[in-house]
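Work through the exercises below with the structure in view. Try each task before reading its solution.

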Amino acid sequence: MTSSSTNDAGPHRPEGEPGARPAGTPAHLAWHGGGLPLDRPRVMGILNVTPDSFSDGGRFMAREDALASARKMIAHGVDVIDVGAESTRPDAVPVELDEEWRRLEPAIGELVALGAPVSIDTYKAEIAARACAAGAVIVNDVWGLQKDPAMADTVAAAGAAVIMMHNRKGADPDLDILADIDRSFERSMELAARAGIPPERQMLDPGIGFGKTLDQNYMVVNRLDHFARHGLPLLVGASRKRLIGAVLDVDTDDRLYGSLALHTIAFVKGAAMVRVHNVQPHVDAARIAHATLREHVG
């Protein structure tokens, strides 16, 4: 599976059925000079060039290791490679801008040259600008354009797509989490619109594992179709996260099957893309989800 796509014939899924794209939702994620059709479930591969990410910290710090990982993802059919140089796990130590770029700079140009669309996972506008200048085409902002006041204008100037995630500094079990996500999405979309980022360059992420209780995380996945009201494609990233360990009682490296289950449910509930550590099994799951939702093998 590659980022290119064909429009295979098959039964039309009426609006409102599981997996149907709500009316008005962009059929592709666009960026300056290109884009990714969202006519089937898509897979974003995680590439952390950090020493302290919760799952694979330190594994891909070296340039050659990062490139080897990216080549493997591409061979396995990844649609987007999401590279980040600052861990966003809850207890991570913040990274200064210069250090974040020091980790990214040796590899990002060569990652882009491999051919798969590259996303930069950062909430800092300056890092986003440098990465986009080096060829990244998507900015994945875990604070939904709301942390760095310059981020929305930076994304617009670069002609990049943007993934705007819901985040909170802490979990509140008494919070109406769906309403809180709705408010955050509306604010992020307002910031994007003011900066001149068109809807076809926007994607939303409800932020599984960020500022939510375990039960709220499962509620968000189960009610993902609630967020179709915003009219934008959705990304879900639950790969290897604590909500899986809480149910299965397994360590981080043993959470593949739980990740596959959650992400397949997310596809059925309307997710356009999932963000994952293990690319090949998720590409297979995406293909099966696509065939099932279309009731068509081709």
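**Exercise 1. State what share of the residues is buried, and how many helices and strands there are.**

Solution. Of the 298 residues in the protein, 52% are buried; buried means under 20% relative accessible area, exposed over 50%, and partly exposed in between, with a 1.4 Å probe and protein chains only. The protein has nine helices and ten strands, taken as DSSP runs (H or I, at least four residues, for helices; E, at least two, for strands) and numbered from the N terminus.

The model is predicted: local features need pLDDT of at least 70, side-chain atom pairs count only at pLDDT 80 or more, and totals for chains, interfaces and linings use all residues. Residues are numbered from 1 along each chain as its sequence is written, and side-chain values use heavy atoms, with hydrogens and water left out.

**Exercise 2. Describe how helix H3 is placed against helix H4.**

Solution. Two packed helices are described by the angle between their axes and the distance between the axes. Axes are lines fitted to C-alpha atoms, for helices over the stretch in contact, and angles run from 0 to 180 degrees between N-to-C directions.

- Step 1: the axes of H3 (residues 125–133) and H4 (residues 151–158) come within 9 Å and cross at roughly 10°.
- Step 2: H3 is therefore roughly parallel to H4, as angles under 35 degrees count as roughly parallel, over 145 as roughly antiparallel, 65 to 115 as roughly perpendicular and the rest as oblique.
- Step 3: Ala-125, Ala-128, Ala-129 and Cys-132 of H3 meet Met-151, Thr-154 and Ala-158 of H4, where contact means heavy atoms within 4.5 Å.

**Exercise 3. Classify the aromatic pair and locate its two rings.**

Solution. Rings of Phe, Tyr and Trp (its six-membered ring) pair if their centres lie within 6.5 Å; planes under 30 degrees apart count as stacked, over 60 as edge-to-face and the rest as tilted.

- Step 1: this rule gives one aromatic pair.
- Step 2: the ring centres of Phe-185 and Phe-227 are 5.7 Å apart and the planes stand at 75°, so the pair is edge-to-face.
- Step 3: Phe-185 is in helix H5 (residues 177–195), while Phe-227 is in the loop between helix H6 (214–222) and strand S9 (235–236), 42 residues apart.
- Step 4: both Phe-185 and Phe-227 are buried.

**Exercise 4. Is Arg-240 buried or exposed?**

Solution. Arg-240 lies in the loop between S9 and helix H7 (242–248). Its relative accessibility is 10%, so Arg-240 counts as buried. Phi of Arg-240 is near 60°, a positive value in a residue other than glycine.
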